[in-house]
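Take a walk through this model, one space and one surface at a time.

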Amino acid sequence: MNETGVEGLADRVPFRPILNGLRDAGEVLLLIGDVFRELPQGIRKLPLIVQQMVAIGIGSMPLTLIVALFTGAVAAVQASYQFRDYVPMIYLGTVIGKSVVIELGPVLTALVVGGRVGASIAAELGTMRVTEQIDAMETMGISPTRYLVVPRIVAATIMLPILTIFADIVAIVGGYLVAVLTLDVSGHTFTSGLKLYFHLRDVFSGLIKSVFFGAIISTMGCYYGLRSEGGAEGVGVATTQAVVASCLLILIVDYLLASFLFRVLFA
Amino acid sequence: MLRGVSLTIGPGESVVIIGRSGTGKSVLLKHVVGLMQPDAGTVLVDGIDVPSLGHDELLTLRKQMGMLFQGGALFDSLTVGENVGLPLREHTDAEESQVEMVVHEKLQLVGLEGVEHMRPSNLSGGMKKRAALARALALNPKIMLYDEPTTGLDPITADLINRLIRRLQERLGITSIAVTHDMRSAYHIADRIAMLHEGRIHAMGAPAEIQATRDPAVRQFIEGSAEGPLLPT
């Protein structure tokens, strides 16, 4: 690309961010296309996938669980404050259970993992890019998509729902502990409320979302990592971009999926 | 960056491309392996037009080529042995014991033994380059590309690498294309030297011809002088 065409148009300031955004979106779609093409071969690299599952899943577990515990605890404090004098405390368990499995569990887990895993994938692949390791891999006839990208995306897509299940449980336990120990709500009242309007589809909706979030985090990490250039600074920029893009996309896709699941599928 | 480069390299020949930093020497190499695509023109390897190849065909063609990168480009998540064995594990059905044998043999060839279990980060610059050379040779390539093979190495290690490159070409008949601005290295490994200047092959000839040339730009470059037609950048 040179003086004319898209680049020339992009030099007019107002167009630049829009065109850059469109270019990025197009490149991400191409990467996703590559991933689907390489998936049958890439999925056979089981040791690589397991290695990534450990790094992404087990590695993120402590942080995720601490975040979940306090999320549940805060939800209990806030809900009880709102309920006081208006809503019976039996609904405390109901509101905590629902808000955790539908929204707080999947989204907060995704945001935490997005920061941790998205950054680490982008930094690792970015460093490999700027030290010519990716070029070396291609020169050896090994596809970086098959060898690096597919295992990461598969691992993250599997591990995010699993992390979310643990986060859901720990967050509800956090809410329970705060309710029982500090809010004068009996354990029985809390669990009765929890069961009151419990629907399995709420849990599934959260887990479906987390599958998408896992794919988003790993895809953004890989995309920005692989296209980084210009040494340490470039890797830093790629890492930041990967985390920012992951967080934004998680929230946007959360809205879209919520609309689809609750207005169309479960309506 | 490259504007009208025309260069033909025969089988088993060793060609060194010299030129100042930023003249596109590495870019030229990357076009040969299809890591970069030319805006115009063709790149033929064994009669196959590289830019026109699809993804899978390109990967197949690359198995016949090895490339030594400037910094070695060893995968730092793998041990040296795993690095050297990776192309074999990916592209052949060789059993583990065979892979280990080849890894040992290739490391021996480059004068590195007993480093199989070390991480690349624990190797010196020269050792990294030699390990990377062993990896590039793992699949017995017909063509080897060297990007600044001696840059950043002490003179003794540099000489060792030069001898290795020469030996590979003479004994195994590997076609080699090296890019460098180390003239000592160029004289040592080249059958022909080509100087890249202003996007074109400015001069070409046997090392003795290049040494004897009267072309002011070539003279300035090989003598390493700040005065002459090539301006400091």
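Helix H9 of chain A gives the largest share of the lining of the largest pocket, five residues. Helices and strands here are DSSP runs numbered from the N terminus, with at least four residues (H or I) for a helix and at least two (E) for a strand. This is a predicted model, in which local features need pLDDT of at least 70 and side-chain atom pairs count only at pLDDT 80 or more, while totals for chains, interfaces and linings use all residues. Residues are numbered from 1 along each chain as its sequence is written, chains are lettered from A and ligands numbered from 1 in the order in which they are written, and side-chain values use heavy atoms, with hydrogens and water left out.

Stay with that pocket. Its volume is about 1,500 Å³. Of the 37 residues that line the largest pocket, Arg129(A), Asp135(A), Glu138(A), Leu226(A) and Arg227(A) are the closest to its centre. A pocket is found on a 1 Å grid over the protein atoms alone: it is an open set of points with protein on both sides within 12 Å along at least five of seven lines. A cavity is a set of points where a 1.4 Å probe fits but cannot get out. Lining residues have an atom within 4 Å of a point. Grid points are joined across faces, edges and corners, and a volume is the space filled by probe spheres set on the points.

Both chains take part in this lining. From chain A, H2, H4 (90-130), H5, H6 (144-182), H8 (200-226) and H9 (231-265) each supply at least two residues. By class, the lining divides into 16 nonpolar, twelve polar and nine charged residues. Here Ala, Val, Leu, Ile, Met, Phe, Trp, Tyr, Cys and Pro count as nonpolar, Asp, Glu, Lys and Arg as charged, and the others, Gly among them, as polar.

Now turn to the second largest pocket. It holds about 1,100 Å³ of space. Of its 34 lining residues, the closest to the centre are Leu7(B), Val32(B), Thr42(B), Val43(B) and Leu44(B). H1, strand E2 (44-45) and strand E6 (175-180) of chain B each supply at least two lining residues. H1(B) gives the most, with four. This lining has 18 nonpolar, twelve polar and four charged residues.

Next, the interface. 17 residues of chain A are in contact with 23 residues of chain B (heavy atoms within 4.5 Å). The area buried between the two chains is about 1,800 Å². Buried area is the accessible area (1.4 Å probe) that two parts lose on being put together, summed over both. Carbon and sulfur atoms give 57% of this area. Glu132(A), Thr139(A) and Met140(A) supply 34% of what chain A buries against chain B, more than any other three residues.

What holds charges together here? Side chains of opposite charge can pair when their charged atoms come close. The rule finds four salt bridges across the interface of chain A and chain B. A salt bridge is a side-chain nitrogen of Lys or Arg within 4 Å of a carboxyl oxygen of Asp or Glu. Lys45(A) and Glu90(B) meet in a salt bridge at 3.1 Å, N to O. On the side of chain A that touches chain B, helix H2 (15-42) and helix H5 (133-139) of chain A are the elements that give two or more residues. H5(A) provides the largest share, six residues. That side divides into six nonpolar, five polar and six charged residues.

Look inside next. A search of the whole structure finds two cavities of 30 Å³ or more. The largest cavity holds about 140 Å³ of space. Among its 16 lining residues, Met140(A), Gly66(B), Met67(B), Arg135(B) and Ala136(B) are the closest to its centre. The second largest cavity holds about 50 Å³. Its lining includes Thr64(A), Leu104(A) and Ala171(A). That lining has six nonpolar, four polar and no charged residues.

Finish with chain A itself. Its secondary structure comes to nine helices and zero strands. Lys209(A) forms a salt bridge with Asp254(A), the closest N and O atoms being 2.8 Å apart. This pair links distant parts of the chain, H8 and H9 of chain A, 45 residues apart.
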